[in-house]
Amino acid sequence: MFLKGKTALVTGSTSGIGQCVATALAAEGANVMLNGFGDAAEIENVRRGIEDAHKVRVGYNGADLTKPDQIEGLMRGCAEELGGVDILVNNAGMQHVAPVDEFPVAKWDLIIALNLTAAFHTTRLALPGMKKKGWGRIVTTASAHSLVASPNKSAYVAAKHGIAGFTKSVALETATSGVTVNCISPGYVWTSLVENQIPDTMKARGLTREQVMNDVLLAAQPTKQFVTVEQVAALALFLCRDEASAITGANLTMDGGWTAQ
Ligand code: NAD
């Protein structure tokens with residue numbers, strides 16, 4: 001229970017990677033603020049489930065992170081309900097796939113706002129409290145797309161490259177303050193979002209399940225294995241340990257060899 005007494009904000013934690021990271025932090029004793037969209041009853045089930053299983057305080061704030069004023073409200077909520085943010089996990093993200101000359105302008109703005117600018121706001125608002133305590137952890141879910149590109153994902157790739165640079169800059173600014181700032185860059189992660197694409201792709205392309213997994217989804221991933229949400233959460237948790245205090249400004253890949261090629 002090495003995080004007892006600490007408070008974590010995990011953005012985009014109503015599903016996928018974020019939910020698993022929030023659960024892993026709670027399992028080590030952290031009080032947690034959940035954030036993200038979804039069905040209110042389902043979110044309440046998740047919130048209560050984590051609270052009951054791990055005997056910690058778990059809050060929920062549905063702030064839309066593309067809106068800076070709502071991010072300010074979220075950070076105020078964390079301070080009022082849980083006493084501040086010791087561990088900030090910038091995880092909320094979205095994708096849109098289209099060639100750049102057809103890319104909807106509104107989608108570009110949303111992806112940059114959520115996948116890049118939101119982390120600027122959460123970080124600038126969380127840092128003063130961390131510096132005051134002399135301890136803090138900022139962990140951002142970047143992506144293999146923070147290091148390499150794919151066609152038709154210009155906004156996502158721009159935002160994820162941006163967040164990797166932002167991470168380095170803030171790490172240098174905070175290097176002597178007890179705060180570490182890192183990102184994790186997963187390859188293809190097995191989430192329900194990915195799983196749900198398989199039947200449609202099988203039908204649309206006349207492929208078997210195995211062909212869709214290996215030749216479409218995992219084409220870039222040499223291990224031909226999906227990363228799991230538990231693996232990403234385990235690395236995020238490790239970054240919160242005192243043993244990880246020398247890791248700052250890093251972009252840690254977890255991509256089955258994708259970016260080694
Ligand atoms: P997901 O869709 O399951 O989770 C996204 C979360 O963000 C959800 O909780 C959603 O409600 C929330 N969200 C969306 N828009 C929001 C907004 N405007 N304000 C607040 N919250 C919002 O996806 P995931 O796969 O768990 O992705 C989490 C992060 O991991 C993202 O940053 C994504 O880019 C990154 N990532 C995912 C993969 C993958 O293969 N799944 C790979 C690399 C990186």
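1. In the lining of the second largest pocket, H6 has the largest share, with three residues. Helices here are DSSP runs (H or I, at least four residues), numbered from the N terminus. The model is predicted: local features need pLDDT of at least 70, side-chain atom pairs count only at pLDDT 80 or more, and totals for chains, interfaces and linings use all residues. Residues are numbered from 1 along each chain as its sequence is written, and side-chain values use heavy atoms, without hydrogens and water.

2. The volume of the second largest pocket is about 300 Å³. A pocket is an open set of points on a 1 Å grid over the protein atoms alone, where a 1.4 Å probe fits, with protein on both sides within 12 Å along at least five of seven lines; lining residues have an atom within 4 Å of a point. Volume is the space filled by probe spheres set on the points. Fifteen residues line this pocket; Ser 150, Lys 153, Tyr 188, Val 216 and Leu 217 are closest to its centre.

3. Domain 1 (7-188 + 227-256) and domain 2 (190-225) each give at least three residues to this lining. The bounds come from an automatic or database domain assignment.

4. Now the ligand. Its shell holds 28 residues, with Thr 14, Ser 15, Phe 37, Asn 91 and Tyr 156 closest. Near means a heavy atom within 4 Å.

5. A ligand nitrogen sits 2.9 Å from a side-chain N or O atom of Asp 64. A ligand oxygen is 3.0 Å from a side-chain N or O atom of Lys 160.

Conventions. Polar contact = N/O pair within 3.5 Å; in protein donor to acceptor, adjacent residues only side chain to side chain. Helix = DSSP H or I, 4+ residues; strand = E, 2+ residues; numbered from the N terminus.
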